[in-house]
Amino acid sequence: MLDHRTISLADQIFEQLETDILSGKYQRGEILTELKLSETMGVSRTPVREALRRLAQEHIIEETGKGSVVLGITKEDLMDIYAIRQNIEGIAAYRAALRVTDEQLKQLRDLLDLQEFYASKKDADRMKGVDNHFHELVYRFSGSTVIYDTLTPLHKKVQKYRKSSVENEERARLSLKEHREILSALEAHDAELAQKMVTDHVVNAYNNIMKEEEMK
């Protein structure tokens, strides 16, 4: 169901389709057509066409003569994304540790309390949402718009794999522990430790995802 935010209809359709593709609702190789999507979403073909064009620019789909084929995120893409995150998120944490305020630290603490609560309820969707927010706040608290704009879409692109990860109780518990270690480094304004903790966290998350994929 499309909402009534102040963004354009094409923007809303783009966001919905991007989420559906990246979450795995539409599988790699599936064909999407303007007609079918416009009927499903109850909108005209014009905003759907614009949304598909933007998705193709993001290399999430590829235009063909018969429609748009879903590309999604491959394992090779996943490796590249985590290699980039491993390096740039460490820089984000380093900078955040030097400038984070008490109020910002409180926001992070509150999020981790929520993450612990949702973990106890085994609520994977909300755990993933809180995890998203935690990382996005670290990006924002770095003070760099470039870092934020680089990392936020990359983090979003691996949501299907990350949901699978948080559904693993052992990994969910370790992820919370790692988040608290990152927070402790930020509270101490220890930039080098914050960088190390975040880098280790990203590496651990990637290794767990690859382990999960190999077991499928």
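Two strands count as paired if DSSP finds at least two bridges between them, and the strands themselves, like the helices, are DSSP runs numbered from the N terminus (strands E, at least two residues; helices H or I, at least four). The model on your screen is predicted, with local features needing pLDDT of at least 70 and side-chain atom pairs counting only at pLDDT 80 or more, while totals for chains, interfaces and linings use all residues. Residues are numbered from 1 along each chain as its sequence is written, and side-chain values use heavy atoms, with hydrogens and water left out.

Begin by selecting residues 61-64, strand β2, together with β3, which pair in the antiparallel sense over four bridges. A hairpin of two residues joins β2 to β3, and Thr64 stands opposite Gly67 of β3.

Next, select Tyr82 and Tyr206, which form a tilted aromatic pair with 5.4 Å from centre to centre and 40 degrees between the planes. Rings of Phe, Tyr and Trp (its six-membered ring) pair if their centres lie within 6.5 Å, and planes under 30 degrees apart count as stacked, over 60 as edge-to-face and the rest as tilted. Tyr82 belongs to helix α4 (residues 75-99) and Tyr206 to helix α10 (residues 191-214), so that, by the numbering of DSSP runs, the pair links parts of the chain 124 residues apart. Both Tyr82 and Tyr206 are buried, meaning under 20% relative accessible area, where exposed is over 50% and partly exposed lies in between (1.4 Å probe, protein chains only).
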